[in-house]
2 protein chains.
Amino acid sequence: MVSRGVEERVSELQDLRDEVAENTLDIVKLVAVRMDLARKIGQVKTRESLPIDNERVEDALLEDVLAECGRLGLDKQVGAKILSTLLAESKKVQRAQGASQPKQLITPMVMMAKAKEVEKGGRKLVRLDVGEPDFRPPKAVLDAVSKALYEYKTYYTVGRGIPELLGALKSYLAKRYGYKDAQENQLIVTPGGRFAVYSALATVASEGDSVVVIEPNWPAYKEGLDYIGAKTITVKTSFEEGWEPSPERVKEAVRPNTKAIVLSYPSNPTGKIMSKAAFKEIVGYADDRGLAVISDEIYNDYAYKPCPTILDDLPKRYILTSSFSKGWSMTGFRVGWSFAPPETSARMLKVLGLMITCVPEFIQLGAAAALGCEAEVARNSMAMKERIDSTYEELRKVEALEVHKPEGAIYAFPQAKDPGFDSSAFAMELLEKKGVTISPGTGFGDYPRCFRISLGQPQAVLTEGVRKIGELLG
Amino acid sequence: MVSRGVEERVSELQDLRDEVAENTLDIVKLVAVRMDLARKIGQVKTRESLPIDNERVEDALLEDVLAECGRLGLDKQVGAKILSTLLAESKKVQRAQGASQPKQLITPMVMMAKAKEVEKGGRKLVRLDVGEPDFRPPKAVLDAVSKALYEYKTYYTVGRGIPELLGALKSYLAKRYGYKDAQENQLIVTPGGRFAVYSALATVASEGDSVVVIEPNWPAYKEGLDYIGAKTITVKTSFEEGWEPSPERVKEAVRPNTKAIVLSYPSNPTGKIMSKAAFKEIVGYADDRGLAVISDEIYNDYAYKPCPTILDDLPKRYILTSSFSKGWSMTGFRVGWSFAPPETSARMLKVLGLMITCVPEFIQLGAAAALGCEAEVARNSMAMKERIDSTYEELRKVEALEVHKPEGAIYAFPQAKDPGFDSSAFAMELLEKKGVTISPGTGFGDYPRCFRISLGQPQAVLTEGVRKIGELLG
């Protein structure tokens with residue numbers, strides 16, 4: 001009897017598994033039909049010179065899929081992920097039919113590699129491309145790192161960060177932002193702000209999800225989301241509107257699969273600072289919708305009007321990312337940090353642990369020392385203000401350009417008056433003919449008429465660079 | 001006439017898009033049916049106390065899916081990815097029905113966090129868990145890093161690595177391995193061997209793929225593959241067979257979606273060194289099948305019999321990963337490197353660029369200095385040999401254990417004679433009662449009877465630790 005019972009149960013499982021196999025092959029057959037359709041669509045688009053991407057069509061499909069998931073009691077995340085797989089493969093198939101491909105963008109990192117290549121050949125360049133201050137890191141930081149080295153703080157340490165630095169960050173949050181409730185399990189020390197941003201994105205979004213980013217912006221957000229397989233929903237701001245982001249447009253951009261909104265002020269590349277009221281409105285909206293807000297506050301020491309921070313009014317879901325790179329001019333130390341609810345931090349820490357183990361202890365001790373260097377940060381900030389003022393005046397003299405005065409960060413982002421201006425071609429010509437490097441606006445979004453000038457150079461260099469830009473523009 | 005042509009074309013595209021929408025919703029419906037089946041399977045498994053994972057069933061399904069893809073002309077990668085999504089979601093649904101869940105493993109990193117927690121409370125521990133040598137890093141490295149700091153090598157640098165270090169690595173490959181053909185575009189400097197391994201895995205495998213790993217092994221391979229959504233196919237070796245991996249079993253493990261084989265000798269945790277003949281056979285097989293070989297050679301300075309290297313006979317697809325952590329005892333510097341064909345390196349570099357930007361220049365200069373420190377590496381290697389010899393003798397005195405003499409690396413991996421031994425429970429008891437930390441065997445695969453002792457401690461500490469282990473084992 002027992003033996004018969006087992007057989008029956010085994011056969012019950014086997015029947016279910018047979019159904020699974022049949023169902024799976026049926027799905028595969030439909031996917032093959034889908035790719036045949038993609039092939040035909042690719043042929044039409046190639047013939048008609050239509051672009052592959054069509055946001056409206058994709059959005060409509062997503063709405064349909066999620067509605068169907070709702071009706072069927074299927075996890076919406078799964079529906080969105082399957083759709084994402086189908087769309088990605090469909091685009092690959094369409095491209096194979098010859099439909100137009102997006103071209104390689106000249107991001108600041110691509111520009112840096114090109115410049116280093118030219119410099120290797122011995123040519124001296126005026127480098128206005130690199131997004132880093134030229135200030136020296138605080139002496140106390142160098143001393144702390146060197147001391148730690150000779151004290152053999154050169155072994156593995158815990159992934160989250162050493163107690164000295166976590167403690168110093170807690171005090172910093174209290175002093176700098178008036179935020180006194182930070183706990184150590186909300187903080188993570190990362191190898192640079194970039195990793196804080198990547199792990200933040202990877203924690204809030206998965207393949208098939210989307211995240212809203214206001215453009216123009218640092219390309220690392222889209223790069224991270226592309227890597228994850230999540231979609232970047234772009235809210236564009238324009239030179240004509242003074243790079244002012246509209247909360248209304250941010251709200252309208254949110255899709256049913258949206259998991260987070262990225263805010264980053266002062267802005268790289270525009271130097272814009274969002275008003276506290278607009279920031280609050282967006283954060284409040286995100287909170288109501290259960291969305292996370294990722295606030296990248298890396299340039300907050302270079303703010304020349306009141307700058308919002310997520311710490312002013314924390315929503316339920318938030319990740320603050322920052323770094324020692326800019327305020328302390330410690331780009332090459334690769335040390336940043338994040339602040340988030342404990343469970344979010346735990347998930348970010350898992351990503352860090354599996355890829356990185358930990359940030360070097362001697363560097364963490366340098367970062368802890370940096371938090372005591374308020375005078376140096378203030379000096380850097382004042383020097384940058386002077387450069388913004390002077391460079392703005394220089395740029396205004398260039399007839400072919402228009403420019404808004406940066407309110408913060410360490411960049412200027414002028415726009416050419418010529419509506420047909422191609423800043424990528426201009427950047428290459430400028431490098432070749434004048435030995436000056438800039439970052440084309442297309443590296444930060446759809447801004448071919450704009451380019452970014454980094455103010456991380458002495459004023460004389462900036463003035464010379466702008467003068468040469470003016471010369472080439474004629 | 002023109003206007004009518006446009007309308008026709010638009011309607012052609014619209015018709016295709018309508019078909020796409022219908023097809024997509026049909027797929028979603030089938031996925032919902034699939035999850036209903038998963039729910040039923042979950043109920044049966046819960047009732048019968050059957051495990052969720054069933055490799056045989058999954059393998060058969062994969063074969064079916066790939067065969068169907070072949071028949072339909074559908075990219076097999078897409079089929080494998082969709083299957084992976086379905087399986088992952090199905091398991092989630094089954095777990096929700098109460099089917100048994102795998103428990104949290106005590107990996108070396110988890111153990112380290114526990115130990116640091118206890119140490120914070122003031123208790124002094126005998127730390128045999130951490131996989132790092134206790135040797136001091138070479139003085140020349142400390143000096144080079146400190147000098148570079150005060151020379152302000154503290155700014156961004158190119159992602160791949162600074163020319164000084166790339167050049168030094170090329171010379172090192174020539175001198176150490178007799179490999180003279182390395183090009184700079186084959187090398188990448190990474191923040192630790194762990195990141196080299198992660199980016200290697202992420203470059204050869206995607207969601208739905210699989211990678212063969214020989215166990216017991218460092219958990220980072222499986223952690224990376226889990227993160228990517230690729231499957232780890234495990235080839236088990238056993239204490240009884242002297243941890244000897246069989247090339248036959250490696251070959252049998254390869255599935256139609258397998259993209260790579262990971263080899264890592266000397267082995268963490270067993271200290272086994274694969275014979276050159278077996279290594280060559282596996283690499284040759286991988287080459288014939290178009291698979292990549294990832295060879296993690298981080299312990300190659302601690303090898304006490306001839307140790308194979310991928311450089312002896314490069315297949316078409318290979319990634320060598322290594323680090324300064326072990327040979328030079330530079331774990332806390334977080335600097336490693338990889339060597340691969342240029343196009344593979346370019347893809348790995350993209351991952352590094354989007355997450356990390358670059359490794360600190362001052363650390364890279366320290367790594368370049370390390371490559372000149374041959375005497376220190378030789379001294380470390382000799383000291384480790386003595387510890388292996390002595391600790392092996394100590395372990396043999398423990399009646400309850402059996403142990404093979406490590407052929408390399410910096411660990412011993414004894415097995416309890418008791419077939420019911422639970423090394424996780426033992427590790428916790430040992431920490432509590434004796435203040436000694438070890439890494440349970442389940443952190444490295446399905447080895448509950450084994451545990452890892454790190455030899456990165458002075459002999460007196462090792463002897464004391466083993467004695468306390470013996471005491472607790474009774």
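Two strands pair if DSSP finds at least two bridges between them. Strands (E, at least two residues) and helices (H or I, at least four) are DSSP runs, numbered from the N terminus. This is a predicted model, where local features need pLDDT of at least 70, side-chain atom pairs count only at pLDDT 80 or more, and totals for chains, interfaces and linings use all residues. Side-chain values use heavy atoms, without hydrogens and water.

Start with the sheet in chain B. Its 3 strands run in the order β10-β14-β13, open and antiparallel. β10 (411-412) and β13 (439-440) of chain B each have a single partner strand, so one side of each lacks a neighbour in the sheet. β13(B) joins β14 (residues 451-454) of chain B through 2 bridges. There, B:Ser439 has B:Arg452 of β14(B) as its bridge partner.

Next, the cores. A nonpolar core is a set of buried (under 20% relative accessible area, 1.4 Å probe, protein chains only) Ala, Val, Leu, Ile, Met, Phe, Trp, Tyr and Cys residues joined through side-chain atoms within 4.5 Å. The largest has 116 residues, and A:Phe324 and B:Phe324 touch the most other members. A second, separate core holds 57 residues, including A:Met355 and B:Leu201. Beyond four places in sequence, B:Phe324 is in contact (heavy atoms within 4.5 Å) with residues including B:Leu165, B:Trp337 and B:Leu371.

Last, the lining of the second largest pocket. 3 of its residues come from α4(B), the largest share. Its residues divide into 8 nonpolar (Ala, Val, Leu, Ile, Met, Phe, Trp, Tyr, Cys and Pro), 6 charged (Asp, Glu, Lys and Arg) and 2 polar (the others, Gly among them).

Note on methods
Residues are numbered from 1 along each chain as its sequence is written. Chains are lettered from A and ligands numbered from 1 in the order in which they are written. Buried means under 20% relative accessible area, exposed over 50%, partly exposed in between (1.4 Å probe, protein chains only).
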